[in-house]
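This briefing walks through a protein model, topic by topic, for a reader who is new to looking at structures. Please keep the sequence and the structure open beside the text while reading.

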Amino acid sequence: MRILLLVTAFNGLSQRAWCALREAGHDVSVLFATGEQEMITGVGRADPELIICPFLKDRVPAEVWQRRRTVIIHPGPVGDRGPSSLDWAIAEGARVWGVTALQAVEEMDAGPIWATRTFALAAAPPRKSSLYNGPVADAAMECIFEVVTKAQDPAFTPVPADRAPGEVPGARLRPLMRQPDRAFSWDDPTEQIVRKIRAADGAPGVRTELGGLAVFAYDALPGIVSAAQGQGARPGQIAGQIISRRQGAVLVGTGDGSVWLGHLRAADPGHARAGIKLPSTTLLGARLRGVPHSPLPPGSEPEHPATYRQVRYRRTGAVGWLAFDFYNGAMAPGHCRRLLAGLRHAVAQDTEVLVLRGGTDAFSNGIHLNVIEASPDPASAAWASIRAINEVCREIINCTRQVVIAGYAGSAGAGGVMLGLGADIVAAREGIVLNPYYEMGLFGSELHTFTLPRRVGPDSAQRLIDDKLPVSAARARSLGLVDEVGPRHPDAYTDWLAALAERESDVRTARNRRQAKTRRLAAERVPLEVFEARELAEMSRDMYADRAGFAAARHAFVRKIKPTETPARLLPAAKVPTAPKARRAATLRPAVPVSA
């Protein structure tokens, strides 16, 4: 079919749908909802047989939905309506939730039903972004393919909403959740505070006060009750006080314990860093004077789930596991240093295999643009960030003591994709999306001019960089970008990855892989440092001379400025103008010969 994805932004779910529908043989294009007239004109030019809206916050013009079948993917079960579906589900502790595909009509979320799915929710509150990118996205994909199948059946008629059976009790029209609905007191129980913040994670956060500063709170993790007791106070006596700090997060007392807050955003529009979500310690700065650093929360065990640790190492027999999970996959120099230290510790162990596993929400998305934007010297902050992440990449590429498996449990973008390509085996989880290219006015580094052509070949590498299109895990495997694809469910993927690591830990198998890698590296005619020097020379022009608009692109990304047009590469193929790609023409084909 000729399908148009009408979206507010080309987010993770929209990218996943775009990849899957194209791989299923459909002609798929994308249109950003930049304005009513622009939508009407864009739909007319695309002339789709079916319009699907996987992520749309804007109202579809009547001129569009009255003339063409337009299906909205709503992140709520049948009967649920309103713009804060997931927020209410998490805040109220729903144990079952769903996704509904419904036809666009004049009234929002009230159209006939094309498809629906329900799923269970755990008792522990998930972060809204985790819920959306996990169970909601999986259910949405099932609904999308059911919609496409039904759209090809001339006899199909969607079920009117008032006749569709509701599977989730209490699903109804709910208003936009506002800050008074999200408010909490620091005297409240930890679980209640965490639930409120996680229901607002991603956006808009929950307004509160810390260290005398009005902030929006994100990235909440329950602390350990003894952390408050360790300060000589009973739980509740220091509610709202900052107890300690660790790895960018602050530990705050609650009514019955404590909670870690990893990220904050200044609530005062006049604040120098207003509107930028940052690691908590970065935003609070001098307000933390006198607050102790906590190597580990008092009374905790290193692997206790409530211990705030972004990088964790454990060993199982001949397999070492280095897990890292950075919020939204963004890596500032501090994150890179912690990961590098973990890598060097892991490499020093007498294991056969090292598994480098990123977070389920995101493996990595490269350098931390918010931290760079908030810096008084963004160019130098960007330079420090790229130098720091390159050290991690270099450590992975040069590791010959263990077989390195990079476990892409979550999606990745830009330098975050390139981060693990130096591993011996790249093992992705089904359903993730990779964006193996650079935008933001950056040439890119992460030693991608070395690793990418060696994985997919120079021609495919150049196309990936130039085309700037998302790639599914299955497509990445066919290209050679990844070596293995494991099951979608996070627990099943963990078991599958463990089995893969166990097979590779066979002494003879591991030795053969290590020796082959050692020979390949020794046969390289151009040192790795030369590739990095070339990349950094280009990046210095982008960061310091701003030759390709890095500052403006970064500002728009961090401030979430709505795009004014759809990128040409996402429009119908016949409509895409052919543009020269001179600046990247020789990127991956260096003049100095290199061994393949």
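This is a predicted model: local features need pLDDT of at least 70, side-chain atom pairs count only at pLDDT 80 or more; totals for chains, interfaces and linings use all residues.

Helix 10 and helix 12 cross each other in a left-handed way.

**How helix 10 meets helix 12**

- Helix 10 covers residues 333-347 and helix 12 covers residues 378-398, and their axes come within 8 Å of each other while crossing at roughly 15 degrees.
- Because angles under 35 degrees count as roughly parallel, helix 10 is described as roughly parallel to helix 12.
- On the side of helix 10, the residues that take part are Pro333, Cys336, Leu339, Leu340, Leu343 and Arg344, and they meet Ala384, Ser385, Ala388, Ile389, Glu391, Val392, Glu395 and Ile396 in helix 12.
- Sorted by class, the contact of helix 10 with helix 12 contains 10 nonpolar residues, 1 polar residue and 3 charged residues.

**How helix 1 meets helix 5**

- The axes of helix 1 (residues 12-23) and helix 5 (residues 128-151) come within 10 Å, and the angle at which they cross is roughly 40 degrees.
- That angle makes helix 1 oblique to helix 5, and the crossing of these two helices is right-handed.
- Helix 1 contributes Leu13, Arg16, Ala17, Ala20 and Leu21 to the contact, while helix 5 contributes Tyr132, Ala137, Asp138, Ala140, Met141, Ile144, Phe145 and Val148.

**Aromatic rings**

- The structure holds 11 aromatic pairs, and one of them is formed by Phe10 and Trp18, whose rings are edge-to-face, with 6.3 Å from centre to centre and 90 degrees between the planes.
- Both partners can be checked for burial: Phe10 is buried, with a relative accessible area of 15%, and Trp18 also counts as buried, at 4% relative accessibility.
- Phe55 and Tyr132 have ring centres 6.5 Å apart and ring planes at 65 degrees, so this pair, too, is edge-to-face.
- Since Phe55 lies in the loop between strand 3 (50-53) and helix 3 (62-65), and Tyr132 lies in helix 5, the pair ties together parts that are 77 residues apart in sequence.
- Tyr132, which also belongs to the contact of helix 5 with helix 1, is buried, with a relative accessible area of 17%.
- Elsewhere, ring pairs link Phe324, Phe326, Phe363 and Tyr408 into a cluster.

**Phe550 and its surroundings**

- Phe550 has its place in helix 20 (residues 550-558), and with a relative accessible area of 1% this residue is buried.
- Leaving aside residues up to four places away in sequence, Phe550 touches Leu369, Ala382, Met440, Gly441, Leu442, Asp542 and Met543.
- The C-alpha atoms of Phe550 and Pro126 are separated by 34 Å, and these two residues are 424 residues apart along the chain.

**Backbone angles that stand out**

- Most residues other than glycine have a negative phi, and most peptide bonds are trans.
- Met440, one of the residues touched by Phe550, is not a glycine and yet has a positive phi of about 60 degrees.
- Met440 lies in the loop between strand 20 (433-435) and helix 14 (448-456), and at 22% relative accessibility Met440 counts as partly exposed.
- Asp546 likewise has a positive phi, near 55 degrees, in a residue other than glycine.
- Asp546 is found in the loop between helix 19 (528-544) and helix 20, and Asp546 is partly exposed, with a relative accessible area of 32%.
- Between Ala203 and Pro204 the peptide bond is cis, with an omega of about 5 degrees, and Pro204 lies in the loop between helix 7 (190-198) and strand 7 (206-210).

**Helix 2 and what covers it**

- In helix 2 (residues 36-46), the residues Met39, Ile40, Gly42, Val43 and Ala46 are buried.
- The cover over these buried residues of helix 2 includes strand 1 (2-7), strand 2 (27-32), strand 3 and helix 3.
- Just after helix 2 comes Asp47, which takes a positive phi of about 50 degrees.

How values were computed
Residues are numbered from 1 along each chain as its sequence is written. Side-chain values use heavy atoms; hydrogens and water are left out. Axes are lines fitted to C-alpha atoms, for helices over the stretch in contact, and angles run from 0 to 180 degrees between N-to-C directions. Helices (H or I, at least four residues) and strands (E, at least two) are DSSP runs, numbered from the N terminus. Angles under 35 degrees count as roughly parallel, over 145 as roughly antiparallel, 65 to 115 as roughly perpendicular and the rest as oblique. A crossing is left-handed if the near helix is turned anticlockwise from the far one by less than a right angle, and right-handed if clockwise. Contact means heavy atoms within 4.5 Å. Rings of Phe, Tyr and Trp (its six-membered ring) pair if their centres lie within 6.5 Å; planes under 30 degrees apart count as stacked, over 60 as edge-to-face and the rest as tilted. Buried means under 20% relative accessible area, exposed over 50%, partly exposed in between (1.4 Å probe, protein chains only). Ala, Val, Leu, Ile, Met, Phe, Trp, Tyr, Cys and Pro count as nonpolar, Asp, Glu, Lys and Arg as charged, and the others, Gly among them, as polar.
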